[in-house]
Amino acid sequence: MRLWLLLLAVQLTHCNPDKYKKVSTEEVHFGTSASSVLFFKNVRQIFYERQENKAAKAIIYRLRERARDASIPLLYPTIVLLWAQDEASVILEKNEFLAHTDTLCFIWEDTARHLSGQYVFPNGDRRSHYKLAAQLYHSIQEKHLLWLKTDSANIPFFTTEHQREPFRKTMIDYFRLVNVLR
C-alpha cells in the first residue's frame with residue numbers, strides 16, 4: 001500500500017501535462033467553477049499565503065516560494081478569488097525595485113526563432129494584469145530572454161529558474177482555477 005501511494009505521489013509531482021500547454025494571451029478568463037475552486041482549495045492552497053478581504057468578498061493568494069529580492073525587478077502574480085462572484089483575477093504585484101513605476105515595458109527575444117518584441121503594461125485594470133501575466137507566462141514557456149526597458153538601460157528580467165518557476169506555477173494554478181487548463 002505504501003509503495004502504491006509513493007508511486008502515485010511521484011507520478012503526480014513529475015507528470016505535469018499542463019506545463020507546456022499554450023494559453024491565449026488575448027482571450028481573458030475570470031469565471032471559476034465549483035470543481036476548479038474545490039481543487040484549488042484542497043490541493044494547491046497549501047502552497048500559498050492566504051489573506052482574506054471580507055469587505056470585497058475576496059481571498060488573496062500569494063505563492064510562498066516566490067523570489068524576494070529588492071535589488072532586481074520582480075513581478076509576483078497574485079490570485080484574487082472573488083468567491084461571491086464565482087470569479088478569480090490574477091493581479092501582478094511589483095517588488096520594491098518596481099514600486100515607483102507606472103508603465104512597464106518588457107523586451108522579449110526568442111533566440112531560436114530570431115524573433116523579438118515587447119510587452120507594455122500600463123498598470124491598469126484586471127484585464128491588463130491578465131494580459132501581461134499571460135504574455136510573461138508564454139515567454140517563460142518559450143524560454144525567451146526578457147529585459148525590463150527603462151530610460152537608462154535594459155535590465156535583465158526573470159534570469160533564473162528561482163525567479164521564473166514560481167511565476168509559472170502561480171499562472172498554471174490560476175489557469176486551472178478559471179478552467180483554461182484542466
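Predicted model: local features only at pLDDT ≥ 70, side-chain atom pairs only at ≥ 80, totals over all residues.
Strands of a sheet pair, in general, through backbone hydrogen bonds, either parallel or antiparallel.

| Strand pair | Bridges | Facing residues |
|---|---|---|
| β5 and β6 | seven bridges | tryptophan 108 and glycine 117 |
| β5 and β7 | five bridges | tryptophan 108 and leucine 146 |
| β7 and β8 | four bridges | lysine 149 and asparagine 154 |

The strands β5 and β6 form a hairpin with four residues between them, and histidine 114, which lies in the turn, has a positive phi of about 55°.

How much of β5 is buried? Five of its seven residues are buried, so that the strand is mostly covered.

### Aspartate 110 in strand β5

Aspartate 110 has its place in strand β5. Is this residue buried or exposed? With a relative accessible area of 5%, aspartate 110 counts as buried, because that value falls under the 20% cut-off. Its side chain makes a polar contact of 2.9 Å with the side chain of arginine 113. When residues up to four places away in sequence are not counted, aspartate 110 touches Leu115 and His144.

### The nonpolar core

The largest nonpolar core holds 43 residues, and among these Leu75, Tyr174 and Phe175 touch the most other members. Helix α3, with seven residues, gives the most to this core. The surroundings of leucine 75 can be described in some detail: leaving aside neighbours within four places in sequence, its contacts include Leu104 and Phe106, Leu132 and Leu136, and also Phe157, Phe158 and Phe167. Leu92, Glu93, Lys94 and Leu98 are likewise in contact with leucine 75.

In helix α2 (residues 34-44), the buried residues are Ser36, Val37, Phe40 and Arg44. Seen down the axis of α2, these buried residues fall within an arc of 100°, and they therefore line one face of the helix. The buried residues of α2 pack against β1 (48-53), β2, β3 and α4 (161-177). Which residues are exposed on the face of α2 turned away from its buried side? That face carries Ala34, Ser35, Leu38 and Asn42.

### Arginine 68 in the loop between β2 and β3

Arginine 68 is found in the loop between β2 (58-63) and β3 (75-82). Leaving aside neighbours within four places in sequence, this arginine is in contact with Glu49, Leu63, Leu74 and Tyr76. With glutamate 49 there is a polar contact of 2.9 Å, which joins the two side chains. A polar atom of the arginine 68 side chain also lies 3.2 Å from the backbone oxygen of arginine 64. Between arginine 68 and glutamate 96 there are 28 residues of separation in sequence, and the C-alpha atoms of the two residues are 9.5 Å apart in space.

### The protein as a whole

The protein has four helices and eight strands, which follow one another along the sequence in the pattern α-α-β-β-β-β-β-β-α-β-β-α. Of its 182 residues, 41% are buried. Among contacts with a separation of 6 or more, 59% are accounted for by residues 24 or more positions apart.

Note on methods:
Residues numbered from 1 in each chain as written. Heavy atoms only, no water. Pairing = 2+ DSSP bridges. Helix = DSSP H or I, 4+ residues; strand = E, 2+ residues; numbered from the N terminus. Buried < 20%, exposed > 50% of the residue type's maximum accessible area, 1.4 Å probe, protein only. Core = buried A, V, L, I, M, F, W, Y, C linked by side-chain atoms within 4.5 Å. Contact = heavy atoms within 4.5 Å. Polar contact = N/O pair within 3.5 Å; in protein donor to acceptor, adjacent residues only side chain to side chain. Arc of directions from axis to C-beta.
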